[in-house]
Amino acid sequence: MIELMAEGGTMLTGGPAPEQVHLQFGPDAASQIAVSWAARAPVARPRLRFSQASVGSVSEVQATERGYTEALTGETVYSYHARIGSLEPDTCYGYEIVHDGAPPVAGTFRTGPRGRSAGFRFTSFGDQSIPAPVGAGLGPNSPNAGYVVDAVEALDPLFHLVNGDLCYGNCSDQPVATWASYFANITRSARFRPWMPALGNHENEAGNGPQGYLSYLTRFELPGNGTPVFAGNWYAFTVGAVLIVSLNNDDVCLQDAGFSSHRRDHVPDYEADGVDPYIRGYSRGQQRRWLERVLAAASQSDEIDWIVVCMHHVAMSTAHFNGADLGIRQNWLPLFEAYGVDLVLAGHEHHFERTFPVRGTLPGSALLTPAPQGGDRAEMDTRHGTVHMTIGGGGHPYNAPGQLRHGPGEGIVITSVGDGDPQHQRQAHLTVEPAPWSAYSDERPAFGFAALDVNPAERDGTTTIAVTYYRADPGCADYRPHDQFVLRKPARSYPAGEWVGDLCRPGAVRGDGRHRA
Ligand SMILES: [Fe+2]
Ligand SMILES: [Fe+2]
């Protein structure tokens, strides 16, 4: 850990302390990271000191300040972001956040491996909420929203993917306190490893910026996408031979899922200011064109073996909840298919489900029902299609049996929405479809997350992602392996000489090892 004393050799106090500390990778996880935090008031000289754990010299970078004023309550939020580049791959660093007049706050991070030099683990879930009520308790909360942080941390992943619907601030009468509760809850993990998010419909806080995303965008420092006006809305980063792509599905989904009657009724001048939470098509195709460029480049790169998409709404669902959105099938699935996306991680449906590899559609399907390729539930070759996972049990206290809408084994699809306007939510029109694509669906009310272990080079020339879904009962902190499967395919190219991608390599993947099949 960095040895730090405030100027003059004594610890200064009296200023607002750094809080809500969390990390994000830059576009290259092997060399770039950002440290972010909040403070209750503007601070003087925000900066970050860091060093390799095994090297004595300390470097310092200045942080930038961003802020916004919450439309509902008038509170102003201040966040700080320090970007670091030129780091060594697969290396541990210690850091300290420093303000004038406040004790430093410390953390650590580990950079990603370079190329196929080492395996790594990442974790994923969506729809977390917060562990206890804030304000009038309008937003969702559950003890499991806290327990899941400890369960993730116990597996020591290199990073964590958040598949949208983070804290449900748009449901709350106290959205700033809701965000503070969210980061206070996750910082015991996110201070030590990046939690990389995707925007969900509940990040749309009507009145906070053109898409309602100002809370999210102020608090996260994410890789760029080449379009400054939409910076942070979608992005990509590379870890080893894996490309992770984070999408914003509100841009393409039919469902009017960002609507909040509380914000409609309580944000001052909501109607006079022309606030509209229905933002489908807001990027005017810019996100889709960016996605096609990124996927096309990755599909041609010998450096990339796996393409993983993190997004919120789902392309397929048998859950008794929202349903799959036809807008995703129309806009994203043709690109996923054309450029060989291997795995999609989503949320929005507050349960766990996974599919067989899908490619094309069932013959004559007006719903664009994806066609399964193969029926092996335990091991799948993603050269044949894209596997989709819904991991929506991060913590939202969902109770599926009370919302049954269709028969067992059927898929449900949102095909259109009814009339609406900024003051009245558009109702989704639903229909059912056969669901031969579903490999496993767990509709029991439960909380869970997935751990994914990437092995870049096995001895037979293949690369694998071994997936374990951990589940806990409501109110229970004991997350146990519930479902396991493996994605396997030939690596694009192989490291010269000795195979080095063994997951058992000391330090490559830590944890209790229970996940390994
Ligand atoms: Fe959700
Ligand atoms: Fe959602």
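Student: How much accessible surface does the protein chain have, and what share belongs to carbon and sulfur atoms?

Tutor: Keep in mind that this is a predicted model. The accessible surface of the protein chain is about 18,500 Å², and carbon and sulfur atoms hold 51% of that area.

Student: What percentage of the residues is buried?

Tutor: Burial is judged by relative accessible area, with under 20% counted as buried. By that cut-off, 60% of the 517 residues in the protein chain are buried.

Student: Which secondary structure elements does the protein chain have, and how many?

Tutor: There are seven helices and 27 strands. On contacts, take those with a separation of 6 or more: 75% of them join residues 24 or more positions apart.

Student: How far apart are the mean positions of the positive and negative charges?

Tutor: The protein chain carries 39 positive and 56 negative charges, and their mean positions lie 4 Å apart.

Student: Where is pLDDT below 50, and what is its mean over the protein chain?

Tutor: The mean is 91, with 91% of residues at 70 or more. Residues 1-11 are below 50, and this stretch has 25 contacts in the model beyond near neighbours in sequence. Residues 495-517 also stay under 50; there the model has 55 contacts beyond four places in sequence.

Methods:
Residues numbered from 1 in each chain as written. Chains lettered and ligands numbered in written order. Predicted model: local features only at pLDDT ≥ 70, side-chain atom pairs only at ≥ 80, totals over all residues. Heavy atoms only, no water. Helix = DSSP H or I, 4+ residues; strand = E, 2+ residues; numbered from the N terminus. Buried < 20%, exposed > 50% of the residue type's maximum accessible area, 1.4 Å probe, protein only. Contact = heavy atoms within 4.5 Å. Areas by Shrake-Rupley, 256 points an atom, 1.4 Å probe, with all protein chains shown as cover. Lys, Arg positive; Asp, Glu negative; His and termini not counted. Charge placed at Lys NZ, Arg CZ, Asp CG, Glu CD. pLDDT = per-residue confidence, 0-100.
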